[in-house]
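Here are some notes for a colleague who is opening this structure for the first time. Please keep the sequence and the model side by side while reading the numbered points.

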Amino acid sequence: MRNDPLQRLTTGAATAFCLATLSVYPLYIDRFSNLGVTKFTGVSTLFLLWCIAIGACVLIGAQTVPGRFAGARRDVSLWSLAAFAGTTLLATCLSLSPLASVWGLGSYYGGLMLVLFTAVGYLAVRAFAPERGFDLLAACTGVTVIIVTVLYVCNIFNIDPIGSYENTAVVERAQFFSTLGQKDFNAGYMSVALPLVFYAFLTAKGRARTIGYAVPAAFGALALAVVDAEGLTLGIGAAMMVLACHRDFDTKKLRRGAIVGVMFFAWAAWMHYMRRSVYTQGGTSLLAKFGEVKLALPLGLACLLIWAGLAWRARKGKPEVSLCLLGRVLTGIVLGAGALVFLLANLLPGFPSLGTLDNFFVFNDDWGTYRGTAWRAAWGTWADASLWRKLVGYGPGMMHRAVADWAGDSITARMKTFYAAHNEYLEQLLSTGLLGLAAWVAFLVSHLRRGFAHWSKNGVAPVVLALCSYLVQAIVSIRVSMIFPEVMLLFALLAAWTAPEVRQPAAQPAAAPASRVRKKRRAAPAEQQPSRWGWGKVVVAAVVSMVMAAGLSHLVFFYLF
């Protein structure tokens, strides 16, 4: 069945769909003055085009990859997806403003329509994604990381290479750093993309492939140094800990990781100098603090020494050794020390000041650029709600209105500035209630369990790390149309690559041995990987589809512009 031209066409369409969303869509921009609607309509039209194309293939005979929906009646991932979409629909119908919740107005269009579009896209990719596609995904994501990072660096130094800032308000230009918009949106994308890029470099085989993946890894290290957002710190930190604790973590990964560390500390030191002498904004994130000479120099040298020692060991021909025990010990120490300091700083009267670290460990209304205020208001609004509102929520994008009704005359000027909780889980609780949050958590847990159970399969480990990174940074972020579609397709790829392998029914035996030999020879090409020309056509299709979606979005969603 998989040799049929229609099946190859459908698989190619699913692959181009993934690349268009994960690698091309992040670069799509019209103008920043209308960033939310531009991004939402662009990605929604992209999903619409590819889902129609894949659906047409299904109507004329394309079949899903065997095993992708095996045991669907007992598959928690599918039932939780249905529950997630259903609870969002219910919350929208009972919303304070159902029409606004349909689109998610007030929360960068993260409403019902985004959930429905991404759910359908998830099913399409899960059904038809190729069984081996991580190399192409990592390569294209690496190119996107390079472009986004260059645009980010150019913008913070007041350089506009793409001309998108023309006729854009100065205050918006100061806040938006690349085609992804605000620094928090850039951090959200990088928290997803960098684990894919770094893991490809850590595990690359052969000199040419290693050098090829080293280039985007170097720009990824630059992104860590310049994207000034704590969400990226949390996400990448979580991905590092997960990798270090896994039994797959060995001396080779540490050796390559030390190279990334050297590049990061070099970039961080350069960025720290530039902030002091040229660009005076930013530099408040924890990663940016590592640019100080007293930290960057010794830590960079330590990474260099680790690399040199392990490289000498590898040159001697010694086998790679698992370091998961060391990783688990260090992870436990870091998490334990951080939790202890946080508890002491907030609960122990008279605990000494930690200096600039107070901004991270002392929780109050000003914590996390006033996220403390947003969290307190969102939690108070939900906790004081009626029972049925606690179950179904106030509707997507309704935080601003719900908080205003809850606070009444005691609302502060700072509370009025928040249209989202800046915590995806708290926002889910407020907008879709306990039912929606339970469905979303079940969806996450079911996929991560599958991912850890099939870690060694091709492409599974980096996707798990990317999702872990995103889910941790979501603690201080919001669900937006710039990032959420990419995340849902990564969940789809994870489900596809961890699906049970189902063998095809054996063909009818031939009459003569010669006939059987000929059949085997004909079947041999099916085992070959797609050629570079084949992948090139997929990449072109991804780019062309995004160009088409950009133009058609103004026609399909004209009423939103």
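1. A word on naming comes before anything else: helices are DSSP runs of H or I with at least four residues, and they are numbered from the N terminus. In this scheme Ser 469 belongs to helix H20, which covers residues 460-473. The model is a predicted one, and every remark below should be read with that in mind.

2. Is Ser 469 buried or exposed? Its relative accessibility is 0%, and since buried means under 20%, Ser 469 counts as buried. The side chain of Ser 469 reaches the backbone oxygen of Ser 191 at 2.7 Å. Leaving aside residues up to four places away in sequence, Ser 469 touches Ser 191, Pro 195, Gly 235, Ile 236 and Ala 239.

3. Helix H6 deserves a look of its own, as it runs over residues 134-156 and spans 32 Å between its first and last C-alpha, close to the 33 Å expected at 1.5 Å a residue. Of the 23 residues in H6, 17 are buried, so that the helix is mostly covered. After H6 comes Asn 158, which has a positive phi near 65°.

4. How many aromatic pairs does a search of the whole structure find? The search finds 23. One of them joins Phe 265 and Phe 290, whose ring centres lie 6.1 Å apart with the planes at 75°, and the pair is therefore edge-to-face. This pair links distant parts of the chain, because Phe 265 is in helix H11 (residues 251-277) while Phe 290 is in the loop between helix H12 (286-289) and helix H13 (293-315), 25 residues apart. Phe 265 is buried at a relative accessible area of 11%, whereas Phe 290, at 27% relative accessibility, counts as partly exposed.

5. A further aromatic pair is formed by Phe 558 and Tyr 559, again edge-to-face, with 5.3 Å from centre to centre and 80° between the planes. Phe 558 counts as exposed at 58% relative accessibility, and Tyr 559 as partly exposed at 46%. Both residues belong to one aromatic cluster, together with Phe 40, Trp 103, Phe 117 and Phe 557.

6. Which rings does the charged end of Arg 479 sit over? One is the ring of Trp 440, with the charged end 4.9 Å from its centre, and another is the ring of Phe 484, where the distance to the centre is 4.7 Å.

Definitions and conventions. Residues are numbered from 1 along each chain as its sequence is written. This is a predicted model: local features need pLDDT of at least 70, side-chain atom pairs count only at pLDDT 80 or more; totals for chains, interfaces and linings use all residues. Side-chain values use heavy atoms; hydrogens and water are left out. Helices (H or I, at least four residues) and strands (E, at least two) are DSSP runs, numbered from the N terminus. The expected span of a helix is 1.5 Å times one less than its number of residues. Buried means under 20% relative accessible area, exposed over 50%, partly exposed in between (1.4 Å probe, protein chains only). Rings of Phe, Tyr and Trp (its six-membered ring) pair if their centres lie within 6.5 Å; planes under 30 degrees apart count as stacked, over 60 as edge-to-face and the rest as tilted. A charge sits over a ring if NZ of Lys or CZ of Arg is within 6 Å of the ring centre and within 35 degrees of the ring normal. A polar contact is a pair of N or O atoms within 3.5 Å; within protein, one must be able to donate a hydrogen and the other to accept it, and residues adjacent in sequence count only if both atoms are side-chain atoms. Contact means heavy atoms within 4.5 Å.
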